[in-house]
Number of protein chains: 2
Amino acid sequence: MNIIKKYTPQKIIDISTRLFAEKGFAAVSVREISMDADSNVSAVSYYFGGKSGLYKAVLEEQFLPLIEAMVYIKENEQLLPEERLSFYAENVSKIHSQRPYLSKFMISESLKPTPYGKEIIEKHLSQVYNFLAKSLQDGIQSGVFRDDLDITYTAVALASILNFYFVAKPLLKNVKILENPQDEDYTQNAFRIYLQGIKIDKSMNEGM
Amino acid sequence: MNIIKKYTPQKIIDISTRLFAEKGFAAVSVREISMDADSNVSAVSYYFGGKSGLYKAVLEEQFLPLIEAMVYIKENEQLLPEERLSFYAENVSKIHSQRPYLSKFMISESLKPTPYGKEIIEKHLSQVYNFLAKSLQDGIQSGVFRDDLDITYTAVALASILNFYFVAKPLLKNVKILENPQDEDYTQNAFRIYLQGIKIDKSMNEGM
DNA sequence: GTCTATATTGCGATAGAC
DNA sequence: GTCTATCGCAATATAGAC
């Protein structure tokens, strides 16, 4: 018995997470997964009931932080509009750092939804959108944010500026546009631009 | 002879563009393409030398506007920094309207590059990045843009805010966040936020 | 729980009739 | 230029040995 050795099912999940993220569901074979996991072709059916069952198990693990994020979001509805948006920005960055492959599964499920992924993503998306739209609405009503903004487009713009970076990061590293990317620095830089962009241009100096 | 009928190869390209965009290269079979194009399995090999040759032909057609955009970019280096960024924003919107599947191929090629797509995208990306970075740099030096911005992250933020919307649009329509999306309106709303976000907070009123 | 061997299906590609 | 028939291969899934 090898104490260090991972249990086969967890090893299969870890290996297939990378393969599914990098090549897509259809392009990965269970043979490939088995070999990379030092197992055999029948293991995937034995533990997960087939290739589709394995994919579902992978998605379940990947989407956990999204499900948790919905809870946090509900707990933060009493903050100021600006603080709520800032809280969202920090969370996006944290979640992507926790799960480096998550952005690939989210994009992949957006382009070609599978039943399980579709359900999670759509529920998550609706909750996040409602949170952002309400925060923007409150900020406009309290005179902090510009009143000439389209709320839907402005909410989408925040999600865009925060998420797209994590999708594009591997490509930007490849072409040397990003050499040593610091996720928190990007998020902070992007959120500062966005926040100044939606605030009313008051003409008073601000402390920072 | 049927005058209205499309030539078979063009019909195959049109059908397979949609299929490749929606399902990905590996998940589409030449049998499926042939049937949807009212042709037969041997047509793909006959006209394009196989499935890979067909995919390359599809990418070539999809990426044409990107190649053209590089020419326009070079012609607009004499404009003011702000005008150059605005020119870029309009072009992104135009290109995606021309080619509704383009964003899917760009994302797909970013996640899982194929040799042909990789070459085009990387070249395009480098040119666009250099254009944006130079425009931002010029704007900072001439005192129009804030000097506390990281140029790389700020350039990525503009590309993010303008492009991600087109990637997410189908999903946002599905969950009824976008009901009747107007691409030009989104682009204008997003670019105004971004521009105010990177400009120096002068405390003088601006005409608009 | 893990393996080998195998059944079955569907793939891309092509030869050859028309 | 378009079709059918078929070859060879690789896929998933499973039966059954250990």
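What distance separates the centres of domain 1 of chain A and domain 2 of chain A, taken over C-alpha atoms? In this predicted model the separation of the two centres is 31 Å.

Because the model is predicted, local features need pLDDT of at least 70 and side-chain atom pairs count only at pLDDT 80 or more, while totals for chains, interfaces and linings use all residues. Residues are numbered from 1 along each chain as its sequence is written, chains are lettered from A and ligands numbered from 1 in the order in which they are written, and side-chain values use heavy atoms, with hydrogens and water left out.

## The two domains of chain A

Chain A is divided into domain 1 (3–57) and domain 2 (63–200), with bounds that come from an automatic or database domain assignment. Contact here means heavy atoms within 4.5 Å, and 7 residues of domain 1 of chain A are in contact with 7 residues of domain 2 of chain A. The area buried between these two domains is about 640 Å², 72% of it given by carbon and sulfur atoms; buried area is the accessible area (1.4 Å probe) that two parts lose on being put together, summed over both. Ala21(A), Tyr55(A) and Lys56(A) supply 64% of the area that domain 1 of chain A buries against domain 2 of chain A, more than any other three residues.

Across this interface the rule finds 1 residue pair in polar contact (both at pLDDT 80 or more), a polar contact being a pair of N or O atoms within 3.5 Å; within protein, one must be able to donate a hydrogen and the other to accept it, and residues adjacent in sequence count only if both atoms are side-chain atoms.

## The surface near DNA strand C

A residue is near a strand if one of its heavy atoms lies within 4 Å of it. DNA strand C is surrounded by 15 residues, the closest being Asn40(A), Ser42(A), Tyr47(A), Val30(B) and Arg31(B). Of the atoms of DNA strand C within 4 Å of the protein, 55% belong to sugar or phosphate and the rest to bases.

| Residue | Part of the residue | Distance to a phosphate oxygen of DNA strand C |
|---|---|---|
| Thr8(A) | N or O atom in the side chain | 3.0 Å |
| Val28(B) | backbone N or O atom | 3.5 Å |
| Lys51(B) | polar backbone atom | 3.0 Å |
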